Amino acid sequence: MDSTVHFCGPTVKQLRREWHAAVQRGQSRLIRHITALLEVGAGVPVAAVAERVGVSPSTVYRWLQAFLLRRWDSLRYGTAPGRPSKLTPTQKARLKDLVAAGPLAAGYPTGCWSSVLLQDLIYREFGRLYNAHYVCTLLRNLGFSFQKARFVSDHLDAERRRTWLAAEWPALVRLARQRGALLLFGDEASFAQWGSLSYTWAPRGQQPLVLTCGKRQAYKVFGLIDYFSGRLFSHGQTERFTAQSYCAFLATVLAQTDQPLLLIQDGAKYHTAAATKDFIAAHVDRLSVYQLPSYSPDYNPIEHLWKNMKKRTTHNRYFPEFTMVCDSVEEGLAYFQAHPADVKRLMGTYLDHMAGLDMAA
């Protein structure tokens, strides 16, 4: 018959701490050892414990006797000789597929990989127990990096996006050059009075605090940037965006230029409203409008401008009065209007990528 053994609360807590430490270190033998002690102490029969941890009943009895006699010293193992076993190239290829598919596909109830979860995956699939800290190095060696996810619409039309990049965009660049036109990307942005938060340097352990008025007002800006020169056209307002205000902005841009305008925009309602279509039709001699694929803000380089505008004008700043955020945004717009080269620089990899497509065309 099995002997009855019960551990007191502090002993159980310490055994659990030792077990977690063994998991972090990737010590599979010690994990089985402590698991057996915990289960015997919880009243599980020795034979059942031995089967669960994959050892003989005599080994479980030996571990139990050693713990009763030598306590925590019985859990200390010397360093095993030789290098730890590695995954084979085939196993590494399989691991890459599993990680790329995500933890949900692997049967875990979460959408985020962690080093401990990956450690469990490797042990479950390949029988190799890696140190949880080394798992990160292993993943980097396999071509992975720790990144923040981003949303992408479930309505996104991948084929439409490919067609736009491969055919429509190069054709627009050629047409703009042939006509001596400005090739404009348009979009809008709102700059909230309550400000915006961003990373910054601060003393360790002292999270930066930024005052906020909490008022839900925002300064709204229409913007257009020229793909070739980086020239910025903008108009700020306190009212909401409408087809009428959008047409008034376009009229201002037409008045400020004498070249043909090829305008690329998204499908916002005020971009496609009847009043806007009428305005475009009335100025068809100089204004041509083209739609980006739906749900494709990454194809609009003005998004980079808005990101840097907020970094310059609202991040980690306090605006007790609404006029202060309006003034800050206007100052930022004036800067970028005076520095078109900076606007082109902000387009960054987008310009490089598009230039490659343009050359290929």
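Predicted model: local features only at pLDDT ≥ 70, side-chain atom pairs only at ≥ 80, totals over all residues.
**Exercise 1.** Which residues of helix 4 are buried, and where do they fall around its axis?

Solution. Step one: the buried residues are Thr59, Val60, Trp63, Leu64, Ala66 and Phe67. Step two: seen down the axis, the buried residues of helix 4 fall within an arc of 165°, so they line one face. Step three: the face turned away from the buried side carries the exposed residues Ser58 and Leu69. Step four: the cover over the buried residues includes helix 1 (9-25), helix 2 (28-41) and helix 3 (46-53).

**Exercise 2.** Classify the ring pair of phenylalanine 67 and tryptophan 72, and state whether each residue is buried or partly exposed.

Solution. Step one: the ring centres are 5.2 Å apart and the planes stand at 80°, so the pair is edge-to-face. Step two: phenylalanine 67 has 0% relative accessibility and therefore counts as buried. Step three: tryptophan 72, at 24%, counts as partly exposed.

**Exercise 3.** Over which ring does the charged end of arginine 312 sit?

Solution. The charged end of arginine 312 sits over the ring of tyrosine 335, 4.0 Å from the ring centre. Likewise, the charged end of lysine 310 is placed over the ring of phenylalanine 191, 5.7 Å from its centre.

How values were computed:
Residues numbered from 1 in each chain as written. Heavy atoms only, no water. Buried < 20%, exposed > 50% of the residue type's maximum accessible area, 1.4 Å probe, protein only. Helix = DSSP H or I, 4+ residues; strand = E, 2+ residues; numbered from the N terminus. Arc of directions from axis to C-beta. Contact = heavy atoms within 4.5 Å. Phe/Tyr/Trp six-rings, centres within 6.5 Å; stacked < 30°, edge-to-face > 60°. Lys NZ or Arg CZ within 6 Å of the ring centre and 35° of its normal.
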